[in-house]
Amino acid sequence: MEEPQEETKRKWTVEQEDLKKQLVCEDLEGFDVEKVKLVGGVDISFVKGNAVNACVGLIVWDVNSCEVVYEDCHLIELNQPYIPGFLAFREVPYLLQCVATLREKAPDLVPDVIMVDGNGVLHPRGFGLASHLGVITNIPTIGVGKKLFLVDGLDSKEIKKRCREELKDFGDALDIVGDSGRVWGAALRRSNNVDFNPVYVSIGHNIGLPSAVQLINRCGKCRVPEPVRQADQRSRTFLRDNFNDNNDNVNNDNIKRIDTKQPGDTP
């Protein structure tokens, strides 16, 4: 009999490959990165040492005013296992709920692009969290990784070394090229410090890599672009203020529980 996790991986691989057929790795026709005004940022922050209780956050950042114009953070309980390479199946249902709420409550603030704390095509099967979210929502997405996802022979030490040698100024980018010759994304300098760590940018959906890099460079001066940074900070703050470490939730009635299980999935 097939192990439960192996059965789940098999099912999720089939679904991933099916969704991937809709993936678009270039700018939509008529897309102009200079005209982008609203950029979303999404992140999920976890209780330390707890793989179930977390806070999902979606913010919308106005690129022109440099302000957060929309925020939605709430506690969640995740009910799917973490399996490397399949993070989207654990987290996307909660991100989709945030996008649906935004579309219902503030349709004029639906972002032109969403930046995701995670990878897009920089993924073993070329379809990570950012791509998954983009295809389902039909909103252009960009993956923003703090660490390099090692695929296709990529070496994080070598790429960091090249970045420090070749990226001279804030906003400079270096293509991330695997052994196959494929460009998986870009390592982007987002610091004026000599000893800097790049962020790793990858196409999510409906946007090309040059536009993704250009847009990130319009979003603040911190290492992590402001939409993702704000989603991270605000979800952490909400979690700290609304979840008790003794597992006694202050706002227990406000915890969002979503049934993401499919027949045969592991609990």
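Residues are called buried when their relative accessible area is under 20%, exposed when it is over 50%, and partly exposed in between, with a 1.4 Å probe and protein chains only. The structure is a predicted model, in which local features need a pLDDT of at least 70 and side-chain atom pairs count only at pLDDT 80 or more, while totals for chains, interfaces and linings use all residues. Residues are numbered from 1 along each chain as its sequence is written, and side-chain values use heavy atoms, with hydrogens and water left out.

The chain contains 6 helices and 9 strands, where helices (H or I, at least four residues) and strands (E, at least two) are DSSP runs numbered from the N terminus. The C-alpha atoms fill a box of roughly 50 × 50 × 40 Å along the principal axes. A compact globule of 267 residues would have a radius of gyration near 18 Å, and the value of 18 Å found for the chain agrees with this; the radius is taken over C-alpha atoms, and the globule rule is 2.2 Å times the number of residues to the power 0.38. Of the 267 residues, 51% count as buried. Among the contacts (heavy atoms within 4.5 Å) with a separation of 6 or more, 69% are accounted for by residues 24 or more positions apart. The chain exposes about 12800 Å², of which carbon and sulfur atoms supply 46%, the areas coming from the Shrake-Rupley method with a 1.4 Å probe and, for residues, with only the protein chains shown counting as cover.

With Lys and Arg counted as positive, Asp and Glu as negative, and His and the chain ends not counted, the chain has 33 positive and 41 negative side chains, and the centres of the two sets lie 4 Å apart. Side chains of opposite charge can pair when their charged atoms come close. The structure holds 12 salt bridges, each defined as a side-chain nitrogen of Lys or Arg within 4 Å of a carboxyl oxygen of Asp or Glu.

One of these salt bridges joins glutamate 71 to arginine 234, with the closest N and O atoms 2.7 Å apart. Because glutamate 71 lies in strand S3 (residues 67-77) and arginine 234 in helix H6 (residues 226-242), the pair ties together parts that are 163 residues apart in sequence. Glutamate 71 is partly exposed at 40% relative accessibility, and arginine 234 is likewise partly exposed, with a relative accessible area of 28%.

Aspartate 117 belongs to strand S4 (residues 113-117), whereas lysine 146 belongs to the loop between strand S5 (141-145) and helix H4 (156-166), so the pair ties together parts that are 29 residues apart in sequence. Lysine 146 is partly exposed at 35% relative accessibility.

Glutamate 91, in helix H2 (residues 87-105), is buried yet has no salt bridge, and the nearest side chain of opposite charge, that of arginine 90, is 5.3 Å away. When residues up to four places away in sequence are not counted, glutamate 91 touches Ile44, Phe46, Leu78 and Leu129. Phenylalanine 46 and asparagine 242 are 196 residues apart in sequence and 12 Å apart in space, C-alpha to C-alpha. Asparagine 242 lies in helix H6 and is buried, at 12% relative accessibility.

Several loop residues complete the description. Glycine 128, in the loop between S4 and helix H3 (129-137), is buried at 2% relative accessibility, and touches Asn119, Gly120 and His123, not counting residues up to four places away in sequence. Asparagine 138, in the loop between H3 and S5, has a positive phi of about 60° although it is not a glycine, and is exposed, with a relative accessible area of 55%. Aspartate 152, in the loop between S5 and H4, has a positive phi of about 50° although it is not a glycine, and is partly exposed, with a relative accessible area of 25%.

Notes:
The place of a charge is taken as NZ of Lys, CZ of Arg, CG of Asp or CD of Glu.
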